[in-house]
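Visitor: I am new to reading protein models, and I would like to go through this one step by step. Could you take my questions in turn?

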Amino acid sequence: MNRTTLSLIAGAAALAAVTGFAALDAPGAAGADPAGAAARLPVERTTLVCPAPSGSDIAETSYTSFTPVTQGAAGDGKGQLQAAAEESGTDDGKSDSKDDDGDGGKSESKSGGKKKAAEAALQPKAPGTPATGDTDGADAPALIGTAEGKFAPGWTVQQTSEVAAGAGRGLLGVNCTAPDTEFWFPGASTAASRADYVHLTNPDDSAAVVDIELYGKDGAVKSEVGEGITVAPRSSEPVLLSTLADAAQDDLTVHVSVRSGRVGAAVQALDNKLGGDWLAASADPAGSVVLPGIPKDATDVRLIAFTPADADTDLKVKLASPSGLITPAGHETVHLKGGTTTAVDLGDVTRGEAGSLVLTQSAQSVPVVAALQVIRGKSGKQETAFIPAAGPLAARATAADNSAEGATLSLTAPTATAQVKVTASAGSEGGTAVSKTYTIKAGTTQDIAPPVPAGLKGTYALTVERISGGPVYGARTLTATEEGVPGVTVQTLPDDRGTVSVPHTDEDVSVLQKP
């Protein structure tokens with residue numbers, strides 16, 4: 001490799017460390033870097049977006065912000081979550097933003113309408129300590145957040161809503177997501193009992209243009225309504241999925257692709273009888289997928305899978321139980337037709353034990369996305385949660401908004417035994433962090449009653465670090481019972497990408513670092 005090429009790679013690596021938007025290794029890689037091949041540096045900027053929490057007047061929503069302590073992180077920094085801009089006086093959704101990246105500046109639309117000045121909804125505390133905030137009612141806006149310096153590596157924000165009655169009642173939770181250009185959501189629906197919205201949030205100072213495609217049991221749903229949707233700068237747009245299809249379908253896969261710009265995306269699924277929850281994006285299409293953390297008291301589990309490939313495939317279905325991988329009786333394989341969505345009722349698949357679903361292919365391997373719809377409770381008092389296919393926890397992941405009761409951490413190691421360290425942070429209002437190490441045997445799922453900080457006051461965060469062994473997948477379940485209805489929400493734990501790989505080099509890249 002000549003000197004010019006080496007210099008360009010080193011420069012790109014330093015820029016990745018500054019922005020936090022890029023890495024030079026494959027996302028979610030489970031193995032460690034070869035000795036001497038690369039160093040890892042903390043990211044220095046992270047952007048997250050939270051969808052508007054609820055359309056219910058009686059919704060109560062809490063936010064929890066947390067940054068884990070990261071070795072080598074900057075000594076200072078700043079961060080905050082702000083309400084997405086509210087526009088007036090414009091019909092085309094286009095505007096010229098004057099905000100200086102979240103400092104509360106005003107902006108003006110082309111038609112002369114004003115946006116409200118942005119105000120901080122929540123500011124993070126020092127790494128290792130959660131910060132909390134709350135809101136209520138149907139007018140709570142989407143939030144856009146940026147963390148820099150010491151607050152950036154592994155920054156996590158949890159949004160949790162409690163809705164006591166009405167369509168979608170129950171416990172609704174979602175991790176605020178990083179903006180991207182493509183998302184897959186198997187598990188959506190336009191059935192008569194459902195009202196599903198895909199929320200698109202644009203964190204940037206220029207408009208984003210988005211396409212939404214739907215795929216049902218017979219393939220692509222023909223519609224031009226979902227093409228070229230403009231999401232104005234620093235704003236959020238909810239799109240009712242039933243407006244994109246002529247006929248109702250029970251099971252759909254939603255594909256969100258961005259023509260220009262980037263957005264955060266999440267689907268809010270609201271059912272008249274089965275409550276509601278957020279459906280987060282599935283991991284990127286892959287030949288094998290893992291759906292971790294099925295609640296052991298789930299009364300019904302439904303698998304929804306989709307392949308964007310033209311070819312058909314057969315998925316082998318395995319349940320990673322506490323004792324090892326087993327094949328669910330009557331559900332040994334699932335046949336997927338290319339370009340179509342397939343749904344299978346698995347019933348009480350876990351039979352009262354911890355479990356994660358592992359889908360593999362034996363013959364040809366085509367890319368697959370998948371999700372589980374999980375029902376908790378019995379007829380008349382049921383609640384819904386969703387578990388999308390998750391990426392592996394390569395190094396570290398965090399679940400925020402835990403209390404002394406009602407939280408379960410589920411970890412699975414589908415291919416090889418792994419060792420992890422779980423750290424319960426200090427509480428948002430007091431307490432001392434505590435850590436514990438666990439061994440997850442190959443092919444098993446373990447439900448862990450998480451460690452609780454000593455002297456806990458308020459809520460706390462759980463940070464999981466993979467120490468050794470094979471790939472680990474995880475999820476955190478929150479439960480709460482309201483008027484006899486067993487509320488539930490599940491968030492998977494993909495790697496937080498708090499660091500980036502930087503190749504070792506003799507080149508001096510310090511000039512590219514932030515002053």
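Visitor: Leaving aside neighbours within four places in sequence, which residues is Asp76 in contact with?
Guide: This is a predicted model, in which local features need pLDDT of at least 70 and side-chain atom pairs count only at pLDDT 80 or more, while totals for chains, interfaces and linings use all residues. Residues are numbered from 1 along each chain as its sequence is written, and side-chain values use heavy atoms, with hydrogens and water left out. Asp76 lies in the loop between strand E3 (60-66) and strand E4 (77-83), strands being DSSP runs of E with at least two residues, numbered from the N terminus. If contact means heavy atoms within 4.5 Å, the partners of Asp76 beyond those neighbours are Glu148, Gly149 and Lys150.

Visitor: What distance separates the C-alpha atoms of Asp76 and Glu148?
Guide: Along the chain, Asp76 and Glu148 are 72 residues apart.

Visitor: Which kind of aromatic pair do Phe183 and Phe185 form?
Guide: Rings of Phe, Tyr and Trp (its six-membered ring) pair if their centres lie within 6.5 Å, and planes under 30 degrees apart count as stacked, over 60 as edge-to-face and the rest as tilted. Phe183 is buried, with a relative accessible area of 7%, and Phe185 is buried too, at 0%. Their rings lie 6.3 Å centre to centre with 15° between the planes, and the pair is stacked.

Visitor: Which element gives the most to the lining of the largest cavity?
Guide: A cavity is a set of points on a 1 Å grid over the protein atoms alone where a 1.4 Å probe fits but cannot get out, and lining residues have an atom within 4 Å of a point. The lining of the largest cavity includes Val49, His199 and Gly264, and the elements giving two or more residues to this lining are strand E11 (170-175), strand E13 (194-202) and strand E19 (264-271). With 3 residues, the element that gives the most is E19.

Terms used. 1 Å grid on protein atoms, 1.4 Å probe; cavity = no way out; pocket = protein on both sides within 12 Å on 5 of 7 lines; lining within 4 Å. Helix = DSSP H or I, 4+ residues; strand = E, 2+ residues; numbered from the N terminus. Buried < 20%, exposed > 50% of the residue type's maximum accessible area, 1.4 Å probe, protein only.
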